[in-house]
Amino acid sequence: MKRIVFNIALLSAFSTVIAQNAADTTNVASATDTTIKRNIEVVREYTPVIKEAGKINTMPELKDVNTKKIEIDYKVWTSTFKPKTDIIPSLDYALASQEHNEYSREGFLRLGGGNYKSFLGELYTPIYRSELSLLDFYLKHNSSFGDITLKKDNYSAISNDVLSKGLYNDNKARISFLRSIKIREISSYGEFGYNRFNNYGLNNDLIKFSEANKDKEEPKYENDNQKNSHLTAAFNFRFRSKDYISQWKYDLQTNWRLLKTYYDVAENTIYTDLAASYRMPESILSLKLQMYNVFMSTPKDSIPYNFKNADNFNNFTVIKFNPYYTFVNEIGRLNLGLKASFGINQGRKIAFSPDITGQVRVIDNIWYVYAGVTGDYKVNTLRSLENIYISPDARPEDTYIPLDIFLGTKLNIAKSVNADIHVGYKIINNQYFFVNKKDSTGMKNTFDVVYDKNIGQFNCGAAVNYNFREKVDFSFKIGYNKWSLEKQEEAWLMPSAQIGLGISYIPTDYLRFNINYDLEAGRKALLGKDKDKNAIVADLENVNDISLGANYKLMSFLDVFVRFNNILNKRSEVWYGYPSQGFNFLLGLTLTF
């Protein structure tokens with residue numbers, strides 16, 4: 001009776017408030033050899049993942065513990081800088097998770113909103129479903145129309161606090177098809193996205209406006225002339241064997257991706273990925289082949305940007321070739337391979353790097369040691385960039401990593417504690433950094449890229465996860481980076497240290513809480529050069545973000561959730577001149593069906 005009364009009261013309170021920014025939702029696809037089934041968990045964010053399906057055809061699977069090293073993410077972990085959006089992977093459309101999820105149903109609808117005039121809407125539903133086929137649809141809207149405060153204490157160029165329009169309006173739609181044919185599988189999807197936003201950061205027009213209104217407290221700057229948008233589209237086709245057929249296993253994908261900007265810069269990428277393996281009793285021979293065909297177009301009328309002199313806007317092709325041989329026995333695993341890339345009309349014509357990785361089972365299922373000497377060639381596209389505020393006439397070159405050395409260890413203690421620690425060193429050619437751009441338009445709120453041709457990067461990291469009786473889950477991660485640069489004075493806008501802490505608590509089957517803390521430190525911005533050509537450097541304030549969330553199951557088909565972001569109300573910057581939203585909240589409901 002008490003719970004019924006509480007539910008009625010909570011629904012009444014909810015009818016007066018609606019919320020914001022992305023509480024986490026995950027759409028996890030699930031499949032067996034004969035049945036197609038998709039589970040939807042409505043607590044975490046929608047992120048399709050892929051896992052290999054179960055049974056073996058001809059010989060025992062060469063099982064392995066995942067001891068891949070921790071990768072340091074140079075993007076801010078916190079979500080306070082704009083409404084948090086999921087990134088739907090361009091490849092690897094979701095296929096198999098056989099884990100039972102008590103909260104899962106066939107589809108869901110989520111609605112929410114909050115301060116900063118923020119709104120969230122999500123819909124996932126199967127259109128057609130049988131034992132062997134699945135056709136489904138996903139739709140998401142995530143927006144914020146509120147003003148962002150640029151504090152005069154943070155920027156010497158403005159004479160007063162200024163309210164700048166911080167529009168962010170992100171929309172995605174995706175339709176997907178999956179067909180299981182015994183232990184083979186065909187899947188495809190088509191997606192469309194439209195992201196409209198304002199370049200609300202510091203610029204010359206805003207500086208002049210601030211000077212003209214310096215006697216007013218927090219004047220509002222109508223920056224409608226700073227509109228921008230990204231239109232995206234993609235189509236993917238995939239054919240794979242879910243398991244070894246005789247001694248062969250294969251996975252073929254081809255993908256077309258489009259990004260078109262407000263200034264009519266268009267990037268079309270045709271990406272093909274082939275992976276094949278031939279298995280022997282204690283070894284595997286494998287090959288990975290990737291091909292990027294990128295077609296660029298720029299507007300005929302280039303005012304106010306001169307695209308005729310812009311770098312790296314040519315059509316080009318990159319082919320990546322990675323053969324490797326894997327030895328497996330009761331002691332461990334060793335991969336011996338080579339990575340090669342061949343560029344046509346861009347970047348390096350030929351690039352090589354080793355691909356040698358291995359692991360040793362010190363204590364089976366408890367302690368593993370892993371190491372590697374490898375490298376990579378990264379094809380940088382506009383769609384893959386993390387900075388949406390890059391200048392329309394800027395596009396980064398590809399990045400070559402001839403050597404990536406790492407050593408790490410993984411521990412599993414009492415099935416409840418997992419720890420992973422690693423240290424490494426990279427040699428990087430053509431690493432790009434974002435810097436504030438000053439050009440003929442006088443704008444400061446767009447970014448250019450600068451390079452350092454040959455640099456060294458020391459990195460180390462650790463991650464710990466602890467689960468207590470399926471009630472409390474604790475996770476902690478830390479990363480540290482030290483750069484050895486030749487041309488640039490600093491690794492602009494890159495953090496030297498990152499910390500992430502997350503705790504979730506499930507006191508009952510109906511209620512769960514989570515709290516997260518994120519720190520980024522040591523970031524510096526390049527603002528230009530003085531008359532002696534010395535760098536003008538700005539130290540960015542450390543990111544300190546605390547968020548708190550809760551999810552309550554009112555009924556078997558209805559959840560309500562609330563999330564408070566940036567509780568400390570810090571005006572941190574992910575890019576110089578682009579402060580985050582202050583304290584913001586999210587309140588919404590999820591209906592599963």
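In which strand is Arg238 found?

1. Arg238 is found in strand β11, which covers residues 227-241. Strands here are DSSP runs of E with at least two residues, numbered from the N terminus. The model is predicted, so local features need pLDDT of at least 70 and side-chain atom pairs count only at pLDDT 80 or more, while totals for chains, interfaces and linings use all residues. Residues are numbered from 1 along each chain as its sequence is written, and side-chain values use heavy atoms, with hydrogens and water left out.

2. Arg238 counts as buried because its relative accessibility is 2%; buried means under 20% relative accessible area (1.4 Å probe, protein chains only).

3. The side chains of Arg238 and Asp251 are joined by a polar contact of 2.4 Å. A polar contact is a pair of N or O atoms within 3.5 Å; within protein, one must be able to donate a hydrogen and the other to accept it, and residues adjacent in sequence count only if both atoms are side-chain atoms. Between Arg238 and Asp251 there are 7.4 Å from C-alpha to C-alpha, and they are 13 residues apart in sequence.

4. Asn322 lies in strand β15, residues 316-328. Asn322 also counts as buried, because its relative accessibility is 11%.

5. Which residues does Asn322 contact, leaving aside its neighbours within four places in sequence? They are Ser286, Leu287, Lys288, Leu338, Lys339 and Asp355, where contact means heavy atoms within 4.5 Å.

6. A side-chain polar atom of Asn322 lies 3.0 Å from the backbone oxygen of Leu338.

Note on methods:
Helix = DSSP H or I, 4+ residues; strand = E, 2+ residues; numbered from the N terminus. Buried < 20%, exposed > 50% of the residue type's maximum accessible area, 1.4 Å probe, protein only.
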